[in-house]
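These are my notebook entries on what I looked up in one model, kept in the order in which I went through the topics.

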Amino acid sequence: SVAPTFLDASRRPFPRGIRVPRAPFAVRGIREAARGTTVRGARTMAAAAPPLCAWLVAAGAHADFGADEHRQTQCLDAGSGATFGLDRRPLGVRRRGSARSGMAVSVALQPERVIVEKKRPDVKQRRVVVTGMGVVTPLGHDPDVFYNNLLDGHSGISEIETFDCSKFPTRIAGEIKSFSTEGWVVPKLSKRMDKFMLYLITAGKKALENGGLTEEVRNDLDKTRCGVLIGSAMGGMKVFNDAIEALRVSYRKMNPFCVPFATTNMGSAILAMDLGWMGPNYSISTACATSNFCILNAANHIRRGEADVMLCGGSDAPLIPIGLGGFVACRALSQRNSDPTKASRPWDMDRDGFVMGEGAGVLVLEELEHAKQRGATIYAEFLGGSFTCDAYHMTEPHPEGEIHILTLSCSSVFLPKYHLLPTSTFPPYQERGSLSALRRHWLIQG
């Protein structure tokens with residue numbers, strides 16, 4: 001926004017070397033402003049040239065007729081008429097409706113914009129709650145089944161059956177053995193999509209069902225304020241890998257959807273298209289922290305008043321030869337093939353690597369009053385989070401735990417997300433750094 005600038009009528013009304021728009025609406029605005037109809041003229045000029053509108057109004061409308069009235073009138077005529085070629089009146093002839101002696105004409109442009117601008121609600125007043133959950137995992141495809149299996153100590157890690165991995169030193173993973181998209185994804189699309197997209201869409205719709213957001217309820221929602229933010233670390237690896245193999249024969253053999261279905265954002269996009277949700281829609285890919293980033297960003301969209309309902313979480317399906325081979329090549333995977341259920345042991349002295357897995361987890365985040373209004377079941381409240389980086393190593397955490405100090409100092413609600421890489425090649429910095437950070441944090445807080 002710009003405020004009117006009052007110019008001395010004795011000075012040049014416009015700097016040299018600057019071209020002035022001669023469009024009919026600009027000319028009409030200057031004339032009307034000079035003749036006293038300043039509000040209408042200002043609106044016309046604001047539409048014509050916003051950066052210059054305040055100057056034009058002031059140059060054409062402001063005149064201080066004092067002792068030397070003839071000189072002032074001459075300057076006004078020469079400034080607005082002679083310079084712009086708008087009026088050829090003789091010098092000294094007063095315009096009808098112009099400003100009289102001792103009066104100054106000004107136009108306030110800002111009230112026009114105040115009406116258009118939407119006042120954003122206070123961030124602190126908008127609380128975010130969890131009203132729905134959906135999962136697709138090796139331990140179950142229902143939140144209650146999944147949680148109970150975790151509490152009972154069941155492991156979802158077993159031998160890989162999707163492809164022949166006998167030549168790999170690692171042959172175990174958290175693989176989903178049984179999965180069906182029936183009732184969740186259209187059969188035509190389910191044959192073309194990558195697994196990570198199938199997991200994502202299924203978990204997302206299960207989260208909506210779990211949160212009581214049936215089709216009837218969704219029809220009453222403002223879909224411009226409902227968004228999807230579900231990320232993926234690896235994206236559509238299988239679709240892209242198949243396209244490369246097809247290209248070895250001919251480009252004509254390639255799946256025409258191989259590029260869009262390989263991108264990490266396409267899962268969120270397809271789900272939003274299916275639901276008709278037109279709010280914030282994108283994805284985040286930050287390796288193991290992808291889902292955490294998505295949840296925090298989705299919550300911030302609600303807190304800032306940009307959305308009322310958000311689907312958020314993550315989905316991945318990297319269990320293909322190239323995915324397994326890549327992690328084997330960097331010596332990051334456990335080779336405890338004889339005892340897969342005990343292979344993942346990040347805090348154990350005998351750890352020898354982490355274990356890959358696949359699946360999806362999606363939450364329904366909702367503004368508190370919005371959730372109460374529709375009578376939703378509230379599982380938890382999101383209180384806050386923070387973004388940090390230890391700027392130390394691609395995979396190793398900082399040995400002094402600086403990242404955890406930063407995270408704890410930024411958020412008194414959540415403990416930091418530990419990036420556990422229980423491999424034999426990395427020194428055990430995680431325990432020392434994490435414990436040091438916790439001790440220092442609690443000493444400072446206490």
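I began with the cysteines and noted that Cys-258, at 5% relative accessibility, counts as buried, whereas Cys-288, at 53%, counts as exposed; buried here means under 20% relative accessible area, exposed over 50%, and partly exposed in between, with a 1.4 Å probe and protein chains only. I then looked for disulfides, defined as pairs of cysteine sulfur atoms within 2.5 Å, and the structure holds 0 of them.

For the record, I am working on a predicted model, in which local features need pLDDT of at least 70 and side-chain atom pairs count only at pLDDT 80 or more, while totals for chains, interfaces and linings use all residues. Residues are numbered from 1 along each chain as its sequence is written, and side-chain values use heavy atoms, with hydrogens and water left out.

Next I turned to salt bridges, taking a side-chain nitrogen of Lys or Arg within 4 Å of a carboxyl oxygen of Asp or Glu, and by this rule I noted a count of 12. One of them joins Asp-308 to Arg-126, with the closest N and O atoms 3.0 Å apart. This pair links distant parts of the chain, since Asp-308 sits in the loop between helix H12 (290-303) and strand S5 (309-316) and Arg-126 in the loop between helix H5 (110-116) and strand S1 (128-136), 182 residues apart; helices (H or I, at least four residues) and strands (E, at least two) are DSSP runs, numbered from the N terminus. Asp-308 is buried at 13% relative accessibility, and Arg-126 is buried with a relative accessible area of 13%.

I also looked up Glu-366 and Arg-374, whose side chains meet in a salt bridge at 2.8 Å, N to O. Glu-366 is buried, with a relative accessible area of 0%, but Arg-374, at 23%, counts as partly exposed. Salt bridges that share partners join Arg-126, Arg-225 and Asp-308 into one network.

Finally I checked helix H8 (residues 195-210), whose 16 residues should span 22 Å at 1.5 Å a residue, and the end C-alpha atoms are 22 Å apart, which agrees; the expected span is 1.5 Å times one less than the number of residues. I noted that 13 of the 16 residues of H8 are buried, so this helix is largely enclosed by the rest of the structure. Just after H8, Gly-212 takes a positive phi of about 75 degrees.
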